[in-house]
Amino acid sequence: MATKRKLAAMAPADEEPVDPSDELMFLCLGGGNEVGRSCHIIQYKGKTVMLDAGMHPAYDGLAALPFYDEFDLSTVDVLLISHFHIDHAASLPYVLAKTNFKGRVFMTHPTKAIYKWLVQDSVRVGNISSSSEQKVQLYTEADHLSTFPMIEAIDYYTTHTISSIRITPYPAGHVLGAAMFLIEIAGLKILFTGDYSREEDRHLISAEVPKNVKIDVLITESTYGIASHIPRVQREAQLMKSITDVLNRGGRALLPVFALGRAQELLLILDEYWGKHPEYQKIPIYYASNLARKCMVVYQTYVSAMNDNIKRLFRERMAEAEAAGDVGKGGPWDFRFVRSLKSLERFDDVGGCVMLASPGMMQNGVSRELLERWAPDQRNGVIITGYSVEGTMAKLIVHEPDQIQAIMTRGSNTATRRPGGAREGEQVMIPRRCSVQEYSFAAHVDGTENREFIEEVAAPVVILVHGEKHNMMRLKSKLLSLNSDKAVPAKIFSPANCEELRIPFKADKVAKVVGKLAQISPPLPYRSKDDMMEDKDPQDSDEVNLITGVLVQNDFKMSLMAPEDLREYAGLTTTTITCRQHLTLSAAGVDLIRWALEGTFGALKEMTVRDEAINGKAQPNGNGNGNGTYGHEEADEEISRSTIAFRVMDCVTIHCRRGGEVEVEWEGNMINDGIA
């Protein structure tokens, strides 16, 4: 069960208790003290927002999912997907097809376009099936395609209101379409960074702090803790030296990458380097992914969503293509030295090459197959360019083990087997002799960039997510140490998965006076009796006229207005209910009733009420003395058509009729009902 951390308990005892509706509830269903299966819940003022729906790349089957059984997903109003990577978006089809989720889903246009192909491919490759002993798919390709139309695409810098929740996406820089979301609920502003980057690269717009917005809560990644990246130019030089060293010794360079994201940045770097170094142009660069061709079309489509470097390159390439008379091959994503490789069946593995292959974690797929094929040869090299998640082959290979487990090439001659062959369920190991190097091109902020961003946002509450525990704790300690320089120290939290965080946010409730009430001069601020005693000014001793009206709340905005203004200012109609009760008091006359009412309520207002005409006939003439006539015929006896009525406290009327009949009449409301 989810554990609860009550922050109110840390407050001094003399503070007044916090209203539960004034508490922000934050819950990590995944991505708390870990990298992978990101999923976070925000609840405030009865509204619920879910952030991301990823899967853990190191686990299989249900174990890869966030802890969805710890929260009732039917209460979620809005689900926001920050970007298309597996660890942030891959369990979305499961949420939409297999749970009781009823809310709306939003992501940016490029994210939606790439998400469709990426998840479809991961289902086919088998990334989302459990172990070989129990092949259970969490969802099918049909589930994915049937739920895809439920996703709504939105643009950067546009604000959308869904069930009183305002959301605005901003560029996050991490990959094409990645978004930071500004969420506003009842005036509380929350910024969720997702995975973000502030580094200027070849194709993405870097993340920026939303302008002129005071953020109350910042939810930010902590992937690299306090570690700092090597400067970009130096990193690129080191990467190219590692690749060329492998090629110069006649080897093959394997760069495991996510099919989309950093792969495109690396392709731009390689294509540019090959263009400047003719001696390597005979050595092929391969981009091996089922998605290569499909998703490059998306990248070509969304050039306008990228930075000025790509736009300039696009203009130059298009001008060159027009001059050559071949407009179809223009654009920055038509590489000159890169070949797309849909499958290894078409790959002629002869001589040196550079191979960018997915998936980046090498748990299976093309990158794992090539690793197992090339690992035993010391001429070859593996170069890790992204962040490696704990428990994956990418993380393991960085530690340079002597052997790796074979899962793709179990029948290979290079595999180490016991005499008599490998038995069922036995691990088959392959020797690792290839070189292994790691350079960070992951497009996550490093410790310095993250700290500067947090300080620039200056939110009073910071929640750290998406980071291994030791990295997260080091960043948290660093941020807490900076509190000594602040007048109001920031609160820093790093909740684990399923650990419920409750943060009180007490705000003044303000109502806007509209309509007729706005013409009344406002009353003075409330003053206590002690203040009144201290101030001897006789002018201030006058009683304050309070404004009374109807308080209307709509989208967390409150308005005070007169009841007659409800239709115009609130779009509401008013209804008056008249209540009547009939009694028979045959033994009590009018005088006795008057005496009883005066004894209970004091002074009464006595009225004579004349009955209306019956069946269209005229009433008797005169003042009820019976001298009137009906038509031409004289009445046989005098009939009184008037009754005595008493008005009690100006709200309840008692009619005393003939024969001891008494009718009590009043306008229905809480006070009048009690008097009646």
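# A first look at this protein chain

The secondary structure of this protein chain comes to 16 helices and 31 strands. Keep in mind as you explore that this is a predicted model. Of the 676 residues in the protein chain, 48% are buried. Let's walk through the overall picture and then visit some individual residues.

**The chain as a whole**

- The protein chain exposes about 34600 Å², and carbon and sulfur atoms supply 50% of that area.
- Take the contacts between residues at least 6 apart in sequence: 71% of them join residues at least 24 apart.

**Salt bridges**

- Side chains of opposite charge can pair when their charged atoms come close.
- The count for this structure comes to 34 salt bridges.
- One of them links the side chains of arginine 37 and glutamate 34, at 2.8 Å from N to O, and both of these residues are buried.
- Another joins glutamate 236 to arginine 232, with the closest N and O atoms 2.9 Å apart.
- Because glutamate 236 and arginine 232 are four residues apart in helix 5, about one helical turn separates them; both are buried.
- Arginine 647 and aspartate 650 also meet through their side chains, at 3.8 Å from N to O.
- In that pair, arginine 647 is partly exposed at 25% relative accessibility, while aspartate 650 is exposed at 59%.
- Some salt bridges share partners, and in this way Glu199, Arg202, Arg232, Arg235, Glu236, Glu265, Glu272 and Lys276 are joined into one network.

**A closer look at arginine 235**

- Arginine 235, a member of that network, is found in helix 5 (residues 232–248).
- Is arginine 235 buried or exposed? Its relative accessible area is 4%, under the 20% cut-off, so arginine 235 counts as buried.
- Setting aside neighbours within four places in sequence, arginine 235 is in contact with Glu199, His229, Ile230, Ser440 and Phe441.

**A positive patch on the surface**

- Which residues gather in a patch of positive charge on the surface? They are Arg293, Lys294, Lys342 and Arg346.
- Arginine 346 sits in the loop between strand 15 (338–341) and strand 16 (353–357).
- With 65% relative accessibility, arginine 346 counts as exposed.

Technical notes:
Residues are numbered from 1 along each chain as its sequence is written. This is a predicted model: local features need pLDDT of at least 70, side-chain atom pairs count only at pLDDT 80 or more; totals for chains, interfaces and linings use all residues. Side-chain values use heavy atoms; hydrogens and water are left out. Patches are made of residues with over 30% relative accessible area and no salt bridge: like charges are joined within 9 Å, nonpolar side chains (Val, Leu, Ile, Met, Phe, Trp, Tyr) within 5 Å. Accessible areas come from the Shrake-Rupley method with a 1.4 Å probe; for residues, only the protein chains shown count as cover. A salt bridge is a side-chain nitrogen of Lys or Arg within 4 Å of a carboxyl oxygen of Asp or Glu. Lys and Arg count as positive and Asp and Glu as negative; His and the chain ends are not counted. The place of a charge is taken as NZ of Lys, CZ of Arg, CG of Asp or CD of Glu. Helices (H or I, at least four residues) and strands (E, at least two) are DSSP runs, numbered from the N terminus. Buried means under 20% relative accessible area, exposed over 50%, partly exposed in between (1.4 Å probe, protein chains only). Contact means heavy atoms within 4.5 Å.
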